[in-house]
Amino acid sequence: MSTLEEIVRLVQQQLGNPTVRPEHRIVEDLGAESMDIVNIVAAVEERFGLAIDEAALPEARSVADLAALVERGGS
């Protein structure tokens, strides 16, 4: 499973939304609230064994952006 596929699956699980796609924007399209984002980031960090730099989070607007951030090592 690719990083992107795993991120999609994690976001689906965290939001309880099986229709999540890579192009979905996490807040605007999926309606994630601040606690949802905290839970998504925690799940991603745990799954991939990395720490995501909070300063880099604003650039991760879509699910695909979040996957790209993970592939860069969280920064």
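The side chains of E28 and R61 meet in a salt bridge with an N to O distance of 2.4 Å (a salt bridge being a side-chain nitrogen of Lys or Arg within 4 Å of a carboxyl oxygen of Asp or Glu). This pair ties together distant parts of the chain, 33 residues apart: E28 sits in the loop between helix 1 and helix 2, and R61 in the loop between helix 2 and helix 3. Helices here are DSSP runs of H or I with at least four residues, numbered from the N terminus. E28 counts as partly exposed because its relative accessibility is 41%, and R61 is partly exposed at 42%. The cut-offs are under 20% relative accessible area for buried, over 50% for exposed and partly exposed in between, with a 1.4 Å probe and protein chains only.

A word on the model: it is predicted, with local features needing pLDDT of at least 70 and side-chain atom pairs pLDDT 80 or more, while totals for chains, interfaces and linings use all residues. Residues are numbered from 1 along each chain as its sequence is written, and side-chain values use heavy atoms, leaving out hydrogens and water.

The whole structure holds six salt bridges. One of them joins the side chains of D29 and R25 at 2.9 Å, N to O. Another pairs E6 with R9 at 3.8 Å, N to O; both lie in helix 1, three residues apart, about one turn of the helix. E6 is buried, with a relative accessible area of 9%, whereas R9 is partly exposed at 29%. E6 and R9 also belong to a salt-bridge network with R47.

Which residues of helix 2 are buried? They are I40, V41, A43 and V44. They share one side of helix 2, because their arc around the axis is only 165 degrees (taken from the directions from the helix axis to the C-beta atoms). These buried residues pack against helix 1 (3–15) and helix 3, where contact means heavy atoms within 4.5 Å. On the other side, S34, M35 and E46 are exposed.

## Buried residues in the loops

S62, in the loop between helix 2 (34–48) and helix 3 (63–71), counts as buried at 9% relative accessibility. A polar atom of the S62 side chain lies 3.0 Å from the backbone nitrogen of D65.

A32 is in the loop between helix 1 and helix 2 and is buried, with a relative accessible area of 7%. Beyond its neighbours within four places in sequence, A32 contacts L15, I26, V27 and I37.

Key:
Helix = DSSP H or I, 4+ residues; strand = E, 2+ residues; numbered from the N terminus. Polar contact = N/O pair within 3.5 Å; in protein donor to acceptor, adjacent residues only side chain to side chain.
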